[in-house]
Amino acid sequence: QKQLKIAITELLQPGSPSLPAPFHPETIENLADEFPLRILVAEDNVVNQKLALRALARMGYKAELAKDGREVLEKQAQFPFDLIFMDMQMPEMDGLTATREIVAAYQPEQRPIIIAMTANVLQEDRDACLAAGMNDFLSKPLRFQTLQSAIRLWGQKILDRQVTEAIL
């Protein structure tokens, strides 16, 4: 927790010379140009919200925020997202339930990529996320390069899917 607090404090101070390597500006790529994705961050914790949104902004994304699973479903119905970073434990409706509802409501080719973001890092937690229909799993505290790698991997798959749909 102490390391997370230090990293968040430093991350939220632009130009800090003591940023750890994964957050150092030279390692940041503007992935939004390469992978123009509509991203939703589903997170109830204010510190985690700021960390995720700030990291995504450094990659060129203006992500939207949902504070619980119900809000995820409402926003997804209004304007579908390409990628959702979904916390497992949120009030009102947790991430697993919201994911199951998205999976039930959308055909696989129309469904957003859903990546779990959770501090629960046991294998059974990972299995529960995948069983609910999530595509991937990131542990908290989020590491910038891990987030960047996930966007690169899934962004390419989303773009490939969009090209295939356009051809058909």
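**Helices, cores and salt bridges in a predicted model**

Colleague: Which residues of helix α6 (residues 123–132) are buried?
Modeller: In this predicted model, the buried residues of helix α6, which spans residues 123–132, are D125, C129 and A132. Seen down the axis of α6, these buried residues fall within an arc of 70°, so they line one face of the helix. The face turned away from that buried side carries the exposed residues E124 and A131, whereas the buried ones, to name them again, are D125, C129 and A132.

Colleague: Which elements do the buried residues of α6 pack against, and which residue just after α6 takes a positive phi?
Modeller: Just after α6, a positive phi of about 115° is found at G133. As for the packing, the buried residues of α6 are in contact with a helix, α5 (95–105), and with the strands β4 (113–118) and β5 (136–139).

Colleague: Where do the buried residues of α5 lie around its axis, and over what arc?
Modeller: The buried residues in α5 are G95, L96, A98, T99 and I102. An α-helix has 3.6 residues a turn, so residues three or four places apart point the same way.

Colleague: Which element gives the most residues to the largest nonpolar core?
Modeller: The largest nonpolar core has 27 residues, and those with the most contacts inside it are I39, L56, Y61, L83, F85 and I151. The elements that give two or more residues to this core are α2 (31–34), β1 (39–42), α3 (46–58), β3 (83–87), β4 and α7 (144–167). With 7 residues, the element that gives the most is α7.

Colleague: Which residues does Y61 touch, beyond those up to four places away in sequence, and how many residues are in the other core?
Modeller: Not counting residues up to four places away in sequence, Y61 touches L31, A32, F35, L37, I39, L56 and I151. Apart from the core described above lies another, which includes V72, I84, L96 and A98, and its number of residues is 19.

Colleague: Is T118 buried or exposed?
Modeller: T118 has its place in strand β4, and its side chain reaches the backbone nitrogen of N120 at 3.0 Å. Leaving aside neighbours within four places in sequence, T118 is in contact with D87, M88, F137, L138, S139 and K140. Its relative accessible area is 2%, and because buried means under 20%, T118 counts as buried.

Colleague: How many residues apart in sequence are the parts that the K140 and E43 pair ties together?
Modeller: K140 forms a salt bridge with E43, in which the closest N and O atoms are 2.7 Å apart. K140 lies in the loop between β5 and α7 and E43 in the loop between β1 and α3, so the pair ties together parts whose separation in sequence is 97 residues.

Colleague: Where do R70 and E92 lie, and is E92 buried or exposed?
Modeller: The side chains of R70 and E92 meet in a salt bridge at 3.5 Å, N to O. R70 lies in helix α4 and E92 in the loop between β3 and α5, so the pair ties together parts that are 22 residues apart in sequence. R70 is partly exposed, with a relative accessible area of 40%, whereas E92, at 62%, is exposed.

Notes
Residues are numbered from 1 along each chain as its sequence is written. This is a predicted model: local features need pLDDT of at least 70, side-chain atom pairs count only at pLDDT 80 or more; totals for chains, interfaces and linings use all residues. Side-chain values use heavy atoms; hydrogens and water are left out. Buried means under 20% relative accessible area, exposed over 50%, partly exposed in between (1.4 Å probe, protein chains only). Helices (H or I, at least four residues) and strands (E, at least two) are DSSP runs, numbered from the N terminus. The arc is that of the directions from the helix axis to the C-beta atoms. Contact means heavy atoms within 4.5 Å. A nonpolar core is a set of buried Ala, Val, Leu, Ile, Met, Phe, Trp, Tyr and Cys residues joined through side-chain atoms within 4.5 Å. A polar contact is a pair of N or O atoms within 3.5 Å; within protein, one must be able to donate a hydrogen and the other to accept it, and residues adjacent in sequence count only if both atoms are side-chain atoms. A salt bridge is a side-chain nitrogen of Lys or Arg within 4 Å of a carboxyl oxygen of Asp or Glu.
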